[in-house]
Amino acid sequence: MNTKANKMSWDLDTIFPGGSESAEFESFRMTIDADLEAAEESLAGLPRKTDDTAFDKWAEFCATMQNLGERIIHGEEFSYCLTAQDIDDEKAAALLDEMISRAGSWQSIMTGVDEFILGLDDDSWAILVGHEKLSGTMFYWNERRFNARHRMEAKLEKLAAGLSGDGYHAWARLYEHIAGGLKVEFISDGKSETLSMGQLHNKFSSADRDIREQAFEKLESAWGSVESQAAMILNSQAGFRLKLYKARGWESPLLEPLMIGRLKQETLDAMWSAVARAGKSMADYISAKKKLLGIENFRWYDQRAPISKIDKSVSYEEACDFVIKYLTEFSPDMGKLARTAIDDRWIEAEDRSGKAAGGFQAELFVSKQSRIFMTFSGDYDQMMTLAHELGHAYHSYVMRDLDYFSQLYSMNLAETASTFNELLVTDAAMADTDDPSEKLWLLDRKIEEAFGHFCDLRSRFLFDKAFYEERKKGILSRKRLCELMVESQKIAFGDILSEDGYHPLFWAAKSHFFDTESPFYNFPYVFGYLFSGGIYEQARREGSSFADKYKALLLDTGSMTCEEVAKKHLGVDLTTEQFWNQSVDRVIADIDQFVKLSQQV
Ligand SMILES: [Zn+2]
């Protein structure tokens, strides 16, 4: 291996030497198995009383479970890295399955803890959670108790969770199976090629409108062929959830996603009102973009159309240097961590076959290190991916010495540091060029992101909301699902999309609607984007003196609600529109600049 290839591939041996055949990793797994067995036994023998000795034993047990949970996730993340670096490594895939099943056993033991917690009155609870072994993770335990109290009795929850494997979640697997089997014949340059839905998706960023139009037609006809199955799955999943919610006494289908997101309904409402304010500016952006693209009717498939072909290729070294330079300018600490990640080979960036697609950051809790996975072939977008994933790595680095349960942040806050880095590096790249076409291209990349959040993601939220309301009354037909989808798009896009430009079958084509782990998996994206944008605005106003505040904010993301984090570190109230408006204004300012520049080039 030459030095360059070496530098671009990651070092997993410092975690466990020897890849999927690692003897150290094997003994690590065996210890976990023995500890899981021991935990199950000691749970059965724990006292059910509420005196000091009993609480000592319970606190000790909870701390042991925390440590065990941390090691299981560490092993799971490591296995995941192994599968990503070599998709043909069957041993690695089996190891990952094993680790996931260990996580399941851990969860099941934890329901025993929930049962005990539920039997405690508030005074006893305060004593237990104030125990020196638990007080550092009080937020986690209070949240756990709150969640347990708002569910059915533990026995029934266990039954429902057991049934959902072959019911609720099985519908999601069936959907994935159907989506995975869909293929289309795509014609380009007179040649026909067979494409999966994932490959077809890439065609929507083609500069050639005929390609985009063909991709859309093929997408609609592929999903049209399995529309009735998709409708059956969506109706069944929603029916399952609504019945479960009823049994738990939950009235709104939004309660679960809000609990998962550690978010208040008022916050969500304030955020969406601010987003709606950007409607006129979004229309201005698309008008300017239509002129640049030379089209009259803006359709669904034009959303990711590039305005021009700018060759912004960049080498891995250049990208690393650029990112480090601007991170350091804001915070030397952030720059230093990025340098460590690159020099100590935490990053797998090599462009070679046999790797998984996409990018991610894995947190190896026990080692207090991150690993970043991506493929770097020289595109500007990949420099952004690098900045993005280094943001995640910094977030983990800041939290590395906290107790494991205090490091677990919600999805809403998960993209805070990554989006922040992207904004920082994009603005640096814009300041770095005098070429108006290049500036315009960079601005478009930036605004396109906001456009996706404000229009497409908002339409998904509106659809989910309307769909669940109607589903309470009965099954929705395919036709009705399409109608609801178009109605939601009409509200979210305003008159941006032309009358022939909607995507009625989007409810079937978008896998997020079928995700059983995270219902309403649309608003967390928008929240994360705008929250980070608001923080970025504050950073710009306050300069590098903000760096310490930012670090303190990240440190608390695993032990507070979103509202509490914002109040404590930014001094803002997320339940009112003010903060969100400021974040939206930043996007509007970019659009004004885009419209102006577009008239100059
Ligand atoms: Zn991310």
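How many bridges join strand 4 to strand 5, and in which direction do the two strands run? In this predicted model, local features need pLDDT of at least 70 and side-chain atom pairs count only at pLDDT 80 or more, whereas totals for chains, interfaces and linings use all residues. Residues are numbered from 1 along each chain as its sequence is written, and side-chain values use heavy atoms, with hydrogens and water left out.

Strand 4 and strand 5 (residues 369-373) run antiparallel and are joined by 5 bridges, strands being DSSP runs of E of at least two residues and helices runs of H or I of at least four, numbered from the N terminus. Within this pair, Leu 364 stands opposite Gln 369 of strand 5. The open sheet comprises 3 strands in the order 3-5-4 with mixed pairing, where pairing requires that DSSP finds at least two bridges between two strands. Its edges are strand 3 (347-348) and strand 4 (360-364), each of which pairs on one side only. Helix 17 (residues 380-399) lies across strand 3, strand 4 and strand 5 and runs at about 20° to strand 4, with axes fitted to C-alpha atoms, for helices over the stretch in contact (heavy atoms within 4.5 Å), and angles from 0 to 180 degrees between N-to-C directions.

The protein chain averages a pLDDT (the predictor's confidence in each residue, from 0 to 100) of 94, and 99% of the residues score at least 70. Over residues 1-5, however, the pLDDT is below 50, and this stretch has 4 contacts in the model beyond near neighbours in sequence.

By an automatic or database domain assignment, the protein chain is divided into domain 1 (3-150) and domain 2 (183-225), whose centres, taken over C-alpha atoms, are separated by 44 Å.
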